[in-house]
Amino acid sequence: MSPSKPQRSNGLIRPVPSLKVTSALSLSLISFSDAEELFALVEINRIYLRKTLPWLDTVKTLNDQISYISNCLSEYDRYTGAMYAIRQDGRIIGIIGLNWIDQQNRGCGIGYWISEEYMGGGVITQSCSRMIDHCFSDLGLHRFVLEAAVDNTASCKVAERLGMRLEGVIKDRELLYGSYVDANLYSITGPEWVQK
Ligand SMILES: CC(C)(COP(=O)(O)OP(=O)(O)OC[C@H]1O[C@@H](n2cnc3c(N)ncnc32)[C@H](O)[C@@H]1OP(=O)(O)O)[C@@H](O)C(=O)NCCC(=O)NCCS
C-alpha cells in the first residue's frame, strides 16, 4: 500500500461518488435530489435517532435538510469530507460517510445511521467495510477512525466487528441535548486492515 496515492493533480485525496457494497446495497454521494426522500426518512426515525445523534433539532424542515446537503457538498468540494446515501435496491435507508478527512496525515473519521427497520441486519458493518477498503486500497489513506458513545452498544459492536482497536475513552466528547457523553475511540490503519 503506497503512502502517497494522490487522486487529483493537486495531490489531494477525494473519495469516489459511488460505491457498490453488495448486489442490493450501494453508497451514492448525497445530492440535492435526495433531499425529500432523506427528510422523510429522518422524520419517521426522529425519536429513535435522537437517542444517539445530536443534530435532530437542527433538521426540522425540508430547508434544513437542504442546508445539511449543501454543507456536505461543500465539504466534498473542499476535500474535507464525503457523505453518502445508503441505498438498498435504490431506496435510501441510511447515511454513511467521512465526517472528516485529514489530508496532511492521511486520516479520516466515519459517521453513520440507518433507518430503525433495517437495524441489526449488518448493513452498517458491510457499508463501513466497503468504505474502509476504498479509503485504504484506492485512496491511500492510512488511519481510519470511528467514535461511538460508550453506551451505544450497536455502534461499538460495528467497530469491534470490523476489527478496530479501542484506543481509549474520550471524556465528554459530545453534547447530546444538554448532557455530555463519553465516546469510545476506535481506529485501524491500512497495514492492519490488509493483515486481517
Ligand atoms: C449504530 C447503527 C448504525 C448500527 O447499524 P446496524 O446496521 O444495525 O449494524 P449491524 O447490523 O452491522 O450490527 C452491528 C452489531 O450491533 C448489534 N446490534 C444491532 N442493533 C443493536 C441494538 N439495538 N442493541 C445492541 N446491539 C445491536 C448487531 O447484532 C451486531 O452485533 P453482532 O456483532 O453481535 O451481530 C444503528 O443502530 C443506528 O443507526 N443507530 C442510530 C444512530 C447511531 O447511533 N449512529 C451511530 C453514531 S456513532
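Start at the ligand: the residues of the shell around it divide into 11 nonpolar, eight polar and two charged. Here Ala, Val, Leu, Ile, Met, Phe, Trp, Tyr, Cys and Pro count as nonpolar, Asp, Glu, Lys and Arg as charged, and the others, Gly among them, as polar. This is a predicted model: local features need pLDDT of at least 70, side-chain atom pairs count only at pLDDT 80 or more, and totals for chains, interfaces and linings use all residues. Numbering runs from 1 along each chain as its sequence is written.

Next, select Thr-52, Ile-124, Thr-125, Ala-154 and Lys-157. Of the 21 residues around the ligand, these come nearest. A residue is near a molecule if its C-beta atom, placed from the backbone, lies within 6 Å of it. Now color β5 (107-114), α3 (123-138) and α4 (153-161), the elements that give two or more residues to the shell. Which element gives the largest share? That is α4, with six residues.

Zoom out to the cartoon. The protein chain has five helices and eight strands. Both are DSSP runs numbered from the N terminus: helices are H or I, at least four residues, and strands are E, at least two. Trace them from the N terminus: β-β-α-α-β-β-β-α-β-α-β-β-α.

Finally, show the C-alpha trace. Along its principal axes, the trace spans about 45 × 35 × 30 Å. Then look at burial. Buried residues make up 29% of the 196 residues in the protein chain. Buried means that 20 or more other C-beta atoms, placed from the backbone, lie within 10 Å of the residue's own.

How values were computed
Buried ≥ 20, exposed ≤ 12 C-beta atoms within 10 Å, placed from the backbone.
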